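Dear colleague,

I am passing a structure on to you with this message, and I would be glad if you could look through it before reading my notes. The notes follow directly below it.

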Amino acid sequence: MYKGILGVLPARLRVALLYFRIFKKLPNLDNPKTINEKILRRIFFEKDPNFTFYADKFAVRAYIAENIGEQYLVPLVAVYETPEDILTLTEWKNTVIKPNHGAGMVKIIDNEPSEDEKQKIIALSKKWLSTDFSKVCDEWHYGLIPPKLLVERKITQQNESLRDYKFHRFMQKNGNFKQVLQVVAERSEQGYETVFFDVDKLDAILHSPFGYELTLSQLEKHSIRQILALNEHLCPDYSYVRLDWYITQKKVYFGEITFTPGAGRSQSFAGQFGIEMGKLWEVQ
């Protein structure tokens with residue numbers, strides 16, 4: 001019943017109630033202070049049509065290849081518009097299947113699946129492609145992406161874990177960029193095991209919302225410095241953007257571009273840290 005009521009409410013009221021449910025206060029969109037509030041303000045008032053292009057995990061590949069080089073792209077095996085076409089795959093082992101128009105939808109395939117498992121993957125893919133992701137968290141630009149299924153080559157080696165390296169990049173009033181790194185390790189029942197680093201001080205954790213401890217290796221630090229330079233060439237005209245990457249034992253790979261992280265409701269930005277991150281978003 002609760003979800004049904006929320007579904008018929010005007011978008012701003014619905015989002016305000018969902019925000020209140022998480023943070024026990026209403027968001028201030030007229031004079032936003034926290035990064036969550038500024039993200040929500042962007043959702044409602046910054047209707048840039050290019051958000052759709054950059055958020056499209058398939059379309060953005062051409063942009064990445066042109067601006068920093070195709071060597072940073074995760075190898076693409078196939079692209080499908082119809083789930084049943086996945087059956088034409090000649091090799092399923094060590095692939096990753098995901099749609100291009102949302103988040104949190106991914107299937108990792110380590111070994112050749114049985115026929116029954118393939119049918120389950122097709123059913124899951126149908127569910128993904130029928131999902132209007134703009135209705136999940138009111139991020140309007142995802143609803144304009146033509147849904148496709150991407151089959152990518154798995155980029156990790158056996159027994160190698162994969163972390164997400166999310167670079168929050170802010171344009172400062174002087175025209176320079178300030179970047180804050182968020183590293184997301186394994187997921188847990190308590191939430192994301194995520195920590196933040198000042199990119200100028202990679203030996204010390206800037207913030208750990210769930211108390212997770214993490215020390216970056218020399219390989220990670222070297223790769224992070226490489227990525228920081230590459231980020232300067234991506235979406236340079238935007239006041240704030242999150243640029244996601246993967247770091248493996250062999251090389252770095254571009255992940256995705258996000259303009260509205262967490263749909264403005266991320267608990268990683270709760271409390272004073274959310275205010276400090278909001279201060280970095282100087283240009284609006």
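Strands (E, at least two residues) and helices (H or I, at least four) are DSSP runs numbered from the N terminus, and two strands count as paired if DSSP finds at least two bridges between them.

As for the individual pairings, strand β1 (residues 76-80) runs antiparallel to β4 and is joined to it by four bridges, with Val151 of β4 as the bridge partner of Ala78. Strand β2 (residues 95-99) pairs with β4 over five bridges, also in the antiparallel sense, and there Val96 has Glu152 as its bridge partner.

Strand β4 (residues 149-153) is mostly covered, since four of its five residues are buried, where buried means under 20% relative accessible area, exposed over 50%, and partly exposed in between (1.4 Å probe, protein chains only).

Lys221, in helix α8 (residues 218-231), is buried, with a relative accessible area of 8%. Its side chain makes a polar contact (N or O atoms within 3.5 Å; within protein, one must be able to donate a hydrogen and the other to accept it, and residues adjacent in sequence count only if both atoms are side-chain atoms) with the side chain of Asp203, at 2.2 Å. Leaving aside residues up to four places away in sequence, Lys221 touches Leu202, Asp203 and Leu216, contact meaning heavy atoms within 4.5 Å. Arg41, by comparison, lies in helix α3 (residues 35-45) and counts as partly exposed at 30% relative accessibility.

Residues are numbered from 1 along each chain as its sequence is written, and side-chain values use heavy atoms, with hydrogens and water left out. Because the model is predicted, local features need pLDDT of at least 70 and side-chain atom pairs count only at pLDDT 80 or more, while totals for chains, interfaces and linings use all residues.

With best regards
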